[in-house]
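Student: I would like to work through a protein model with you, one question at a time. Could we take its architecture and then its side-chain packing?

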Amino acid sequence: MTRVVAIVLAGAAVLAAAPAVAGSHVATRKPQKKKVEVFDNYYNPKKLTVNLKSRITWDWSEDSADVHDVKLISAPKGFKKFQTEPGSAGFSYSKTLTKPGTYKFICTFHEEDGMRMTIVVRHAS
């Protein structure tokens, strides 16, 4: 009888520890490097979903004749808003997004033309 009790207790201990072991192997999403192309009067892509701490690079198309900028108009609390200097063909700008949530951007020169974009940053896991 003592042996049966010992086996049952050992099995219960293994089952009790199982969720803790399983939880320690949760995969985290790795930061990404994503490119947004800046064309005349639109960003491509217009919507983007990335992992936490991903680095976004806005590249002005060689075909872009107009001047554009990227202005962050809304972001998760604690993320400092920014605006790039005006740029045209060949210009680029990079930023790492360090807070989960939704980021909204406009081109201040072409906002009325609908030059906007949204980036959603997912939590790390």
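Predicted model: local features only at pLDDT ≥ 70, side-chain atom pairs only at ≥ 80, totals over all residues.

Student: What pattern does the protein chain follow when read along the sequence?

Tutor: The protein chain holds one helix and eight strands. Read along the sequence, these elements give the pattern α-β-β-β-β-β-β-β-β.

Student: In what order do the strands of the open sheet that contains S1 lie, and which strands stand at its edges?

Tutor: This open sheet has four strands with mixed pairing, in the order S2-S1-S4-S6. A strand at an edge has a single partner, so one of its sides is left without a neighbour in the sheet. From one strand to the next, the twist averages 25°. The edge strands are S2 (42-44) and S6 (92-97).

Student: Do S1 and S2 run parallel or antiparallel, and how many bridges join them? Which residue in S2 is the bridge partner of Glu-37?

Tutor: Strand S1 covers residues 33-39 and runs antiparallel to S2, to which three bridges join it. For Glu-37, the bridge partner in S2 is Asn-44.

Student: Which residue in S8 is the bridge partner of Val-50?

Tutor: S3 and S8 run parallel and are joined by five bridges. In S8, Val-50 has as its bridge partner Val-121.

Student: How many aromatic pairs does a search of the whole structure find, and is the pair of Trp-58 and Tyr-93 stacked, edge-to-face or tilted?

Tutor: The search finds eight aromatic pairs. For Trp-58 and Tyr-93, the ring centres are 6.3 Å apart and the planes stand at 35°. The pair links distant parts of the chain, with Trp-58 in strand S4 (residues 54-60) and Tyr-93 in strand S6, 35 residues apart. Planes under 30 degrees apart would count as stacked and those over 60 as edge-to-face, so the angle of 35° makes this pair tilted.

Student: Are Trp-58 and Tyr-93 buried or exposed, or partly exposed?

Tutor: The cut-off for buried is under 20% relative accessible area, and exposed begins over 50%. Trp-58 has a relative accessible area of 0% and is therefore buried. Tyr-93, at 23% relative accessibility, counts as partly exposed.

Student: Why is the pair of Phe-79 and Tyr-103 edge-to-face?

Tutor: Phe-79 lies in the loop between strand S5 (71-74) and S6, and Tyr-103 in strand S7 (residues 101-106), so the pair ties together parts that are 24 residues apart in sequence. Phe-79 counts as buried at 12% relative accessibility, as does Tyr-103 at 0%. The ring centres are 5.1 Å apart, and the pair is edge-to-face because the planes stand at 85°.

Student: How far from the ring centre of Phe-82 does the charged end of Lys-95 sit?

Tutor: Phe-82 belongs to one aromatic cluster with Trp-58, Tyr-93 and Phe-105. The charged end of Lys-95 sits over the ring of Phe-82, and its distance from the ring centre is 5.0 Å.

Student: Is Ser-61 buried or exposed?

Tutor: Ser-61 is found in the loop between S4 and S5. Leaving aside neighbours within four places in sequence, Ser-61 is in contact with Val-38, Phe-39, Ala-89 and Gly-90. Its relative accessible area is 12%, so Ser-61 is classed as buried.

Student: What separates the C-alpha atoms of Pro-86 and Cys-107?

Tutor: Pro-86 lies in the loop between S5 and S6. Not counting residues up to four places away in sequence, Pro-86 touches Val-67, His-68, Asp-69 and Phe-109. Cys-107 is 21 residues from Pro-86 along the chain, and their C-alpha atoms are separated by 9.3 Å.

Conventions
Residues numbered from 1 in each chain as written. Heavy atoms only, no water. Pairing = 2+ DSSP bridges. Helix = DSSP H or I, 4+ residues; strand = E, 2+ residues; numbered from the N terminus. Axes fitted to C-alpha atoms, helices over the stretch in contact; angles between N-to-C directions. Phe/Tyr/Trp six-rings, centres within 6.5 Å; stacked < 30°, edge-to-face > 60°. Buried < 20%, exposed > 50% of the residue type's maximum accessible area, 1.4 Å probe, protein only. Lys NZ or Arg CZ within 6 Å of the ring centre and 35° of its normal. Contact = heavy atoms within 4.5 Å.
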